[in-house]
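Thanks for asking me to look this over. Here are my notes as numbered points, to read with the model open beside you.

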Amino acid sequence: MLGGKKVTVVFVLGGPGSGKGTQCANIVEHFGFTHLSAGDLLRAEIKSGSENGTMIENMIKEGKIVPSEVTIKLLQEAMIKSENDKFLIDGFPRNEENRAAFENVTKISPAFVLFFDCSEEEMERRLLGRNQGRVDDNIETIKKRFKTFVDSSLPVIDYYTSKDKVKKIDAAKPIAEVFEDVKIIFAPYAPKVNYWLHLFFCTSIS
Ligand SMILES: Nc1ncnc2c1ncn2[C@@H]1O[C@H](COP(=O)(O)OP(=O)(O)OP(=O)(O)O)[C@@H](O)[C@H]1O
Ligand SMILES: Nc1ccn([C@@H]2O[C@H](COP(=O)(O)O)[C@@H](O)[C@H]2O)c(=O)n1
Ligand SMILES: [Mg+2]
């Protein structure tokens with residue numbers, strides 16, 4: 001529950017450059033979820049001139065994880081503002097502190113965790129080719145982000161694996177093939193076709 005609204009939350013995790021944002025855009029289009037990227041929310045907070053801006057920017061440049069209270073506040077505000085009740089939370093929880101604080105504060109448990117599994121070699125190639133002007137897409141910061149992922153984020157995936165909540169995807173495949181696998185997982189969330197409208201169109205065409 002979130003402000004009296006029952007919500008479905010899917011955590012979307014995977015290493016830097018594994019394709020989380022790319023696939024979230026596809027899921028939004030086909031399954032009507034709202035995409036909340038923790039990294040995007042933090043970058044917007046820097047741009048807004050917030051008092052936390054400098055601290056967040058320094059953490060991002062160093063590939064470190066911003067204190068949970070900052071990120072959770074941004075995620076909560078975005079969920080409350082949205083009229084939707086289905087959310088993809090991309091790039092969160094990034095460490096044990098993120099995970100425990102989110103559950104304590106919001107009392108929300110994810111429906112499941114979508115985990116994009118990809119080699120560092122392939123992720124590095126993608127990040128160096130992304131060209132979106134991100135301050136952390138340089139080889140020095142990329143190496144730090146990989147270390148943070150292994151040391152702090154993989155244990156979160158292990159935690160949810162122990163709860164049988166992880167759906168792992170081979171993210172090294174081309175974008176369209178990855179989405180074929182994602183679609184199978186999201187099939188239960190497909191928008192329902194109105195039966196009578198469906199019957200009307202089928203009979204009027206034939
Ligand atoms: N399956 C894929 N095959 C090849 N390139 C891909 C694939 N998925 C995404 N890309 C490309 O790789 C780059 C990184 O993808 P994306 O931004 O979706 O990753 P991300 O997991 O959100 O990364 P970050 O954690 O840094 O935000 C983008 O340029 C994207 O177009
Ligand atoms: N829960 C999070 C998520 C992200 N960050 C910081 O933002 C950087 C970029 O995140 P992307 O998901 O867009 O790659 C990340 O490296 C962290 O510095 C965070 O602190 N906490
Ligand atoms: Mg991303």
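1. Start at ligand 2, where R94 reaches in with its side chain: one of its polar atoms is 3.0 Å from an oxygen atom of the ligand. Keep in mind while you look that this is a predicted model.

2. In K64, a backbone N or O atom lies 2.6 Å from a ligand oxygen, and in V66 a backbone N or O atom lies 2.7 Å from an oxygen atom of ligand 2. There are 16 residues around this ligand, and R43, K64, V66, R94 and R134 come nearest.

3. Now turn to ligand 1. Which residues come nearest to ligand 1? They are K20, T22, R130, R145 and K173, out of the 17 residues around it.

4. G19 uses its backbone, with a polar atom 3.0 Å from a ligand oxygen. R134 uses its side chain, where an N or O atom is 3.1 Å from an oxygen atom of ligand 1. The side chain of R126 has a polar atom 3.4 Å from a nitrogen atom of this ligand.

5. Please check the backbone at F92 and P93, which are joined by a cis peptide bond with omega about 0°. P93 sits in the loop that runs between β3 (86-90) and α5.

6. K107 belongs to the loop between α5 and β4 (112-117).

7. Helix α5 itself (residues 96-106) meets helix α7 (residues 139-162): their axes come within 8 Å and cross at roughly 50°. The two helices are therefore oblique to each other. On α5 the contact is made by E96, R99 and E103, and on α7 by S152, V156, Y159 and Y160.

8. Last, how confident is the predictor, and what pLDDT does the protein average? The average is 95, and 98% of the residues score at least 70. For the complex, the predictor gives an ipTM of 0.99 and a pTM of 0.95.

How values were computed. Residues are numbered from 1 along each chain as its sequence is written. Chains are lettered from A and ligands numbered from 1 in the order in which they are written. This is a predicted model: local features need pLDDT of at least 70, side-chain atom pairs count only at pLDDT 80 or more; totals for chains, interfaces and linings use all residues. Side-chain values use heavy atoms; hydrogens and water are left out. Axes are lines fitted to C-alpha atoms, for helices over the stretch in contact, and angles run from 0 to 180 degrees between N-to-C directions. Helices (H or I, at least four residues) and strands (E, at least two) are DSSP runs, numbered from the N terminus. Angles under 35 degrees count as roughly parallel, over 145 as roughly antiparallel, 65 to 115 as roughly perpendicular and the rest as oblique. Contact means heavy atoms within 4.5 Å. pLDDT is the predictor's confidence in each residue, from 0 to 100. A residue is near a molecule or strand if one of its heavy atoms lies within 4 Å of it. A polar contact is a pair of N or O atoms within 3.5 Å; within protein, one must be able to donate a hydrogen and the other to accept it, and residues adjacent in sequence count only if both atoms are side-chain atoms.
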